[in-house]
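Below are some notes for a colleague who is opening this entry for the first time. Please read them with the model on screen.

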Amino acid sequence: MLQTALLVIALSALGAFLAGVLLLGLLFFIGKRLFRTIVQRLFGLVIERLLEDKYHENLMELWSAVRRTSVQTILEISLRAEKGKLIERPLGSPRRFPHFDTLMFVPGQMARLPKEANVAVDMKVTLGPKAQKPLTIETPLMISGMGYGIGLSEQAKRALAKAAKQLQTATNSGEGPYLAEERQEAGKFIWQISRSPWGHSPEAIAAADMLEVQMGQGTRMGPFTVEPNAVKGKAQKLMGISPVETLVTPAVIPGIQSPWDWIKYVKDLRGEAGGIPIGLKLMATGAIERDLAVALEAGFDVIVVDGAQGGASGASPMICDDLGIPSLLALVRAERFLCEQGARKEVSLVVAGGYATSGECLKALTLGADAVYLGTVPLFALVHRQIHKILPWEPLTQLVWYNSPYKDRLDINLASQSVANVFKSMTLEMEEGVRALGKTSLSELGPNDLVALDDWTAKVTGVKPAYTYQEVFGSKK
């Protein structure tokens, strides 16, 4: 009897299950057909509306406008219309400036043999060789200036500093106030002397391995405004700014009223610097040689040229899009001028603005740069494996901006390791490239290791066009 009862129960359960499956299948079939019918009807109504409405009433008018301009331009028009103030666009210009894409390396192959994988490549760089205490780093890649408070959070700055120490390279303070915690985490530390009231910090100068006087950058020139309550908390206290008054920074480094004042300024600063190199950061412009002439006369040890592709935590679209010249042109002109003035061996040249791949960086070094600043690369590396903490509701940078309510979600150790990994990977790729050229050191690279894919690039850089016949052991056949 028990076995019979269990069998009846099992058959009943199986029957109920099969009935349920059939019912779900029927509902799915009906629902699928209903869903398809509704979507098809709505789609038909939309298409009919688009094809029948007059153009000035048609939604496609917006599509036409977007094709003439861009979604970003329309967005920025709306942002201007909202309050009638300067708008600040983060991370630089979306424009596609001429860059390094039309340059290709000439690897060793038959006439010059490439190096084996176990051959060491010297990637070490010394900045400010004429200074009493030159800055030596193990890779030519450095972390660019991104200011605490006016840009990045303390967590982000500490993570960048930890990564730089692991890599034995340098990190730059940026335009923000001196953050002691950043200095404690860093190995090699560059203090950027900005035009702001907190820019000349004796404490920071004493703690630095190099100084960088900031007169301009790729996306910022002249004064900038800090609105009341735009920066709160710890950074506000370190900056010494009022929570109720607008601060407008000077357009020029305090004490500079003419080009001739730079000589005394550098002399006085050298007295504070204790023998470390003194650098100058400039927006690369169409008058770059004129600016460099003043810099050489003043006695700067390092020149940093930031091309138009450079980014910032916030700068007006016009400054981003319409001032300066691209990084490639800036590098070529600066290198050429320093060589013509006989200063190339004494003054180091650092480039910045738009460098995102190992190939671009190695090409810049081949054309004469001593080192490359990276900003966007470490910024996005910071949030690797942490994007789930912010997406899809906020942009990734909300994990690293100072004013973001989500900045505490950033895991400093994980962020630091991610940045270090990116720099290590890029350095390894550049080492591989140097071996492929048949070289063993960055100092062996030169323009002859490149060819240009078009006439414009060949003319601008002085590199031979790829389509021209190359001499073979002195022969010109």
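1. In this predicted model, the second largest pocket has a lining of 42 residues. Those nearest its centre are Gln 309, Gly 310, Gly 311, Gly 354 and Thr 376. Two elements give two or more residues to this lining, namely strand S15 (371–374) and helix H13 (376–381). H13 gives the most, with four residues.

2. The volume of the second largest pocket is about 800 Å³. Sorted by class, its lining has 18 polar, 16 nonpolar and eight charged residues.

3. The count of aromatic pairs comes to six. One of them joins Tyr 178 and Trp 191 in an edge-to-face arrangement, with 6.0 Å centre to centre and 85° between the planes. Tyr 178 belongs to the loop between strand S5 (170–172) and helix H5 (180–185), and Trp 191 to strand S6 (residues 188–193), so the pair ties together parts that are 13 residues apart in sequence.

4. Are the two partners of that pair buried or exposed? Tyr 178 has a relative accessible area of 13% and is buried. Trp 191 is buried as well, at 0%. The cut-off for buried is under 20%.

5. Ring pairs also bring in Phe 189, which is linked with Tyr 178 and Trp 191 into a cluster.

Methods. Residues numbered from 1 in each chain as written. Predicted model: local features only at pLDDT ≥ 70, side-chain atom pairs only at ≥ 80, totals over all residues. Heavy atoms only, no water. 1 Å grid on protein atoms, 1.4 Å probe; cavity = no way out; pocket = protein on both sides within 12 Å on 5 of 7 lines; lining within 4 Å. Points joined across faces, edges and corners; volume = space filled by probe spheres on them. Nonpolar A, V, L, I, M, F, W, Y, C, P; charged D, E, K, R; others polar. Phe/Tyr/Trp six-rings, centres within 6.5 Å; stacked < 30°, edge-to-face > 60°. Buried < 20%, exposed > 50% of the residue type's maximum accessible area, 1.4 Å probe, protein only.
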